[in-house]
Amino acid sequence: MLPSDARLTDEGLAPRATGRILLVACGALAREILDLKRLNGWDHLDLTCLPAKYHLTPDKITVGVREAVAKHRTAYDDIFVVYADCGTGGLLAAACEELGVDMIPGPHCYAFFEGNDRFAELAEEEMTAFYLTDFLVRQFDAFVTRPMGLDRHPELRDMYFGNYDKLIYQAQTDDPALTEKARDCAERLGLTFERRLTGYGDLARHLSAL
């Protein structure tokens, strides 16, 4: 059974030790990865996730990946890191190269859900866009409202988001309830709303090659 979003945010996910290849991933991607495993019968893949909240302090991502690879390397034939750069400033890529493991290319999950090439094409015209995924819509208060203090000081909204003009919801699933929640997030931030049904994007392509 998949842990709750709150647990994936704060604790992550331990591996079950049932596959030959271990995916070391962000907790924000657990549901999508497990869905892809189920839909495609990828029983050779096992999954462990670092706490999704590491994105609030990206320096913890590289440290966490190093520790996970060291801890589990001998139990698997191979390890694949399901993170993009994710704010580590190239440190995660350097660590993966040093450790001899591959990772998903790109700046962040918004790019590989959109498709890295397509995201790059849109980058200039969407410099003022704020992105959410399914997980981040469900965990909006945990990742945006409370860490930024907007629950206590709503007047800070314009300082944080004054240079944004729209919120783009990259939907992995066609869920009307999530769409409405994402629309509400945009209204709370004072941004126009756009929804794109990206599905799994490049995530599926990279995992299918393992």
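Residues with a relative accessible area under 20% are taken as buried, those over 50% as exposed, and those in between as partly exposed. In this predicted model, R157 has a relative accessible area of 29% and is therefore partly exposed. The side chain of R157 forms a salt bridge with D158, with 3.4 Å between the closest N and O atoms. D158 itself is exposed, at a relative accessible area of 53%.

The whole structure contains 19 salt bridges. In another of these pairs, D151 is joined to R152, the closest N and O atoms lying 3.2 Å apart. D151 is partly exposed at 42% relative accessibility, whereas R152 is exposed at 54%. R38 forms a salt bridge with D35 at a closest N and O separation of 3.6 Å. Both residues belong to helix α2 (residues 30–40), where a spacing of three residues places them about one helical turn apart. R38 is exposed, with a relative accessible area of 58%. Salt bridges also link E114, E126, K166, E194 and R196 in a network.

An open sheet is built from three parallel strands in the order β5-β6-β7. The edge positions are held by β5 (129–133) and β7 (192–197); each has a single partner strand, so one side of each is left without a neighbour in the sheet. On average, neighbouring strands are turned by 25 degrees against each other, direction ignored. Six bridges connect β6 (residues 166–171) with β7 in the parallel sense, and L167 has F193 of β7 as its bridge partner. Helix α10 (residues 176–189) packs on the sheet and touches β5, β6 and β7. The direction of α10 makes about 160 degrees with that of β6.

The largest nonpolar core comprises 63 residues, of which I33, V65, V82, Y83, L167, L203 and L207 touch the most other members. Strand β1 (residues 21–26) makes the greatest contribution to this core, with six residues. Beyond its neighbours within four places in sequence, L203 contacts E32, I33, L36, V82, I104, F112 and F113. A second, separate core has five residues, among them A111, F119, A129 and I168.

T145 lies in helix α8 (residues 140–145). With a relative accessible area of 8%, T145 is buried. Its side chain makes a polar contact of 2.8 Å with the side chain of D141. When neighbours within four places in sequence are set aside, the contacts of T145 are F140, L150, D151 and R188.

Terms used: Residues numbered from 1 in each chain as written. Predicted model: local features only at pLDDT ≥ 70, side-chain atom pairs only at ≥ 80, totals over all residues. Heavy atoms only, no water. Pairing = 2+ DSSP bridges. Helix = DSSP H or I, 4+ residues; strand = E, 2+ residues; numbered from the N terminus. Axes fitted to C-alpha atoms, helices over the stretch in contact; angles between N-to-C directions. Contact = heavy atoms within 4.5 Å. Buried < 20%, exposed > 50% of the residue type's maximum accessible area, 1.4 Å probe, protein only. Polar contact = N/O pair within 3.5 Å; in protein donor to acceptor, adjacent residues only side chain to side chain. Core = buried A, V, L, I, M, F, W, Y, C linked by side-chain atoms within 4.5 Å. Salt bridge = Lys/Arg side-chain N within 4 Å of Asp/Glu carboxyl O.
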